[in-house]
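Student: I have a new structure to read. Can you take me through it one feature at a time?

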Amino acid sequence: MDRAKKKFASAIDGLRSLHNRTEINVDEKIQSEHCRFTRVVRHGLPEDPRCFAYDPVQRLIAIGTGRGHIRIIGDAGVDYLLKHESGEPVLHMQFLVNEGGLITSCGTDSIHLWNYRQKTAEIVHTVQLSKESVSCIHLPVAGKWLFIGTDKGNVYFLCLNSFLLSPYVINWNKAIDLSCRVHPGPVRQLAVSPAENTKLLIVYDKGIVVQWNLGTREVDRYPLDPPIKSVNWHFDGRQILTGNVDGSISLYNHKKSTEAIQRTTPHGSGPCRPIQQVEWKHMSETESIIMFSGGMPTDDGLPMPALTILKGGKSATVLEMDWPIIQFIPLNQNIWNSIPQCPHSVAVLLKHDFMVLDLNQNGHPVIESPHAMNIHESPVTCMAYYSDCPLDLIGALTLVGTKQRNKEFSARSWPVTGGLGRECATGHQELVVTGHKDGSLKFWQETGEHLQILYKLKSSSHFERLEEMETSDKVSHAVKYIELCLESRQLLVAGISGQVTLFRFTKQEICGTIAVVNIPLLGNLSSNLPNNDFDKSPVPNGPGKEIRRQRKIVSRESTNSLDTSDSGDERIVPFKVRGAPVKRPPGFVPELACFVPWHSHAKVDQITTICLNSSYGIIAIGTSSGLALVDTTQCALIYSWTTNELYGSDPTPAIQLSMQLSDAASPLESPISLEAPKRIISEQKQRSFDARRPQLFKTQSVVENGSLSRGDSQRESPSSGRQLNTSSPSTSSQSLERSMSTQPQESITSLSFIHSYSKKNDSKMSPCLWVGTSAGASLALNLILPEDRFTSTIVVAPSGTVVRLKGQVISQSFMDNTFCIISPASESYKEAAKEQSATSPDRSLLNRVNTKASLAPQYSSSIDSNDEISQILIVAAENEVKVVALPTFSQLYVQKFDEIPLVKATPTHIRGYPCLMCLSAAGQIIMLSLPSLRILQTSTIFPHSVEIDDPLCQKTAFSDHGLGVYMASQTEMEKYTMCSEIAEQTGESLGELFVPCEMPEQPKNNSFLKGVSSIFGGTPRNDPNDIDAILSENMGVKNSSGVNPMRSVARTIPGPSVQMDRAQAGGVSAGQAAAMALQNLNERTEKLNATVDATENLKNNAMSLSSRTGKLVEKYEKKKWYNF
């Protein structure tokens, strides 16, 4: 029966929508080619970092991640993202110093060569290992061969010119001692001597270290007691420093590897943890500096990640880190390892951080980075993005933020200064506000694709937990919603535990208290009943007012805050405001705090949306149970409703667009100044109103002199002795309670202030609040704003108009009669003084036009005066978007999304043309034209689906000009655009990663013995130290079967750019290409035939060997023992 009723109601709904539909023809200038999804830039620390590399000449740092991403950073504004298509983790990296190349080794056992000389970096070569996995790589400065260590203990050599493997291979069984009966494990480190490039140190996983001579194939082995974890050469190549498993460091002579010259344990003689990495550098020929990670004592409990710096035996500094150390690289002044390197700083990559330490200053402080690597300092929970922020607000935030700068930073400037920064592609001042789990907010400037911190705000500093809530895991300071008014500089912040704070920006230090408003307990009718003792209502006797502070009435003489502390209902408020006046620095200062109570620990009334209007002076707070309005001028509660009470009766699926009480007096025609809350009216006035009250219909509400149908319906309950027509479903509170218990709870999901029409065929506009619910209803509330805001109260009157949609309402926006997007009025910062703004009679309430008139759509043909449109309402819900004309409330356009619902929508502009930017549950951005709702572009932004209550929706923000930002990972923020013009400008304004510069001259080797053979004549011989001649010998030689023997180890895959270059270099015609293809086919046939013949020969040889073996076995079986 219920299903039949729903179908019938849906059919009636469809008929009404057809009846109320108006056909108009609009000429829209925006086209599909104006939209194009482009990822602009990514900020923050790469998520899951695995390794990093440094180019000392170009001064660039590359960080590889577990997602296959590479971030290359340099100077301010130099931040580029490279992606491997496979998505496999990047495990090892090496720069081709000053050559514009980067070598990466991924988890797929593939080695890639990137070319970043051009603006768009790409892979030019790939080598795929087939039987072994890459465990480490090493590339000497200006080297032409890449040293590759594998998990099986072998070492291979890759020629960077041809990207082919050399036939020269160091097998593990030839490197270790024959007495070793176990496999040494994977190769963990390779290090070439700075003096002789044929001497190679190989460190195995089990602590075995050998020195291999590439020319003579001789091996020098180091003692296994203790096992060695890391090694480093002295710059003269005569000594070796090792970091050991027992936390000690040892010094060896390269000619006498059997015994250590010196051995010490820096962190005491007790048991210590292994040293993971050791670096041995020199400031001069006599002054050394040793850096190592690990080696801390084991008696301190949990392992403490630390970096130890020993300077010439004079000083020792232990730097404890918050996160495990992945890798560190000294940044040297000299790039060659054969002379003192003179390191000036050290870059340290941690699991959740990246820093550069100053080695020349005592204590080795952190050097301030121009890159925002601390976005995730506390996890981001929500964000707001403003792509056209006033320049004076940016300057004001910068001014107050300079006083928050960390004074512990080093005085040294950022040393990684490579590349040329990006230019500003948009020309707008962009502001990003991030809310964090610890209750803090960070204001970032995003102008010019460079993210820079401006100001930090702690929204939790004025709150403290109640004692009984100290152990509750549901109580949190995490920020859930952010609403910033750019003109008035008012900030509204909502927390996850029901706390809402209004901040005002001040340029001076002030000392004051915070006003507190306790929202009544919604969802329980008894808590929302008004106080019937009207005669005891105090009459104001002065300009003061009364506000409630933590369930107590603070004597400021007002009755605007309803006291629910003694109502007998269980209400839980987990926080309280610190009562004592506090001196607050310039910036955003808390002025008003609101608390949404909980029903119980198990039933939490969540804040679902917030809205702020500085011109109206009202805060709207939507919860999972209802709506509350707060007056920011009086710092008092205006009123609160449950969601069902907003309708004036039980919610129904019908859309009532016509008001049958057309002769009722409009509240806008008789402005009222009330001295008490609007719910409290005289008893005589109430009785006279009830006597002439007509029968109520669904979706209707009766308003007279500002008193709401909600309050009247409660006074009509049988307990009050009043009798009304029983045909109305809202004449008793019992039926309302019964409907609430049987229907799912309806929450407030969207709030929008606007100067608009709230009823059908209204003659003039008035301030309104449009409310969207989870049941797909869009409601209008009239706001009657008195002239004197101190002594009079705002009157709120539900209009009774309900626009129904399918699914939860996610957005409500408006256009004027010229199809320009409009936004509500707002105060300017100069008018922010409360006393002036509250009494100013000429306060502007008119809407602001955001679209240029020349770029707005126009009527393609003239329309009748009866169909003239004064304003347009655009309502976006999960399953459809509707465009409704006001004040006729006729439907103009509709776009259905039945298969894949929408989860987010915001009006924006593309090249100045109005459109609607939507995010679907499939992780796609959908661009709709306005007002016709044509689908212009659909682009994928997320690789996975997104639910409407997904935290990712709160961490995704849309803004004007088709721009948006979102948290690409827990630590990274990415900016994108849907405007093709901005995408083109972004491509043109890209900076440069590679800047051509001269390579420092390599120091000459003045060894006397190097030229002895050439001085004393004789036939010229190959230099035994020529590593190129050694490794390239027999390279490319095929075996007897005509196959390169190294092909079974790895295969070379040329990149797309190489293939394109080869095709362009060929420059052949179609006939020539066909002839070449035929020739290649013939050659392939010949090779296949040769392979078949070789296979037959192998088969015959195998059969012959088998027969001979059989005869030999038979012969020895027949022999007797005495015949031997």
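Tutor: Start with a charge over a ring: NZ of Lys or CZ of Arg within 6 Å of the ring centre and within 35 degrees of the ring normal. Here arginine 217 lies over the face of tyrosine 168, 4.1 Å from the ring centre. Arginine 489 has its charged end over the ring of tyrosine 829, at 4.1 Å from the centre.

Student: What should I know about the model itself?

Tutor: This is a predicted model: local features need pLDDT of at least 70, side-chain atom pairs count only at pLDDT 80 or more, and totals for chains, interfaces and linings use all residues. Residues are numbered from 1 along each chain as its sequence is written, and side-chain values use heavy atoms, with hydrogens and water left out.

Student: In what order do the strands S11, S12, S13 and S14 form a sheet?

Tutor: Strands are DSSP runs of E, at least two residues; helices are runs of H or I, at least four; both are numbered from the N terminus. Two strands pair if DSSP finds at least two bridges between them. Here 4 strands make an open, antiparallel sheet in the order S11-S12-S13-S14. Strands S11 (134–138) and S14 (164–165) are the edges, each pairing on one side only. S11 and S12 (residues 145–150) are joined by 4 bridges. Isoleucine 137 stands opposite isoleucine 148 in S12.

Student: Is threonine 150 buried or exposed?

Tutor: Buried means under 20% relative accessible area, exposed over 50%, partly exposed in between (1.4 Å probe, protein chains only). Threonine 150, found in strand S12, has a relative accessible area of 0%, so it is buried.

Student: How do I read aromatic pairs?

Tutor: Rings of Phe, Tyr and Trp (its six-membered ring) pair if their centres lie within 6.5 Å; planes under 30 degrees apart are stacked, over 60 edge-to-face, the rest tilted. The structure holds 21 such pairs. Phenylalanine 147 and phenylalanine 157 are edge-to-face, 5.0 Å centre to centre with 75 degrees between the planes. Phenylalanine 147 is in S12 and phenylalanine 157 in S13 (residues 155–159), so the pair ties together parts 10 residues apart in sequence.

Student: Which residues of helix H3 are buried?

Tutor: In H3 (residues 391–401) they are Leu393, Ile394, Ala396, Leu397, Val400 and Gly401. They fall within an arc of 165 degrees seen down the axis, so they line one face of the helix. That arc is taken from the directions from the helix axis to the C-beta atoms. Exposed Leu391 and Leu399 are on the face turned away from the buried side.
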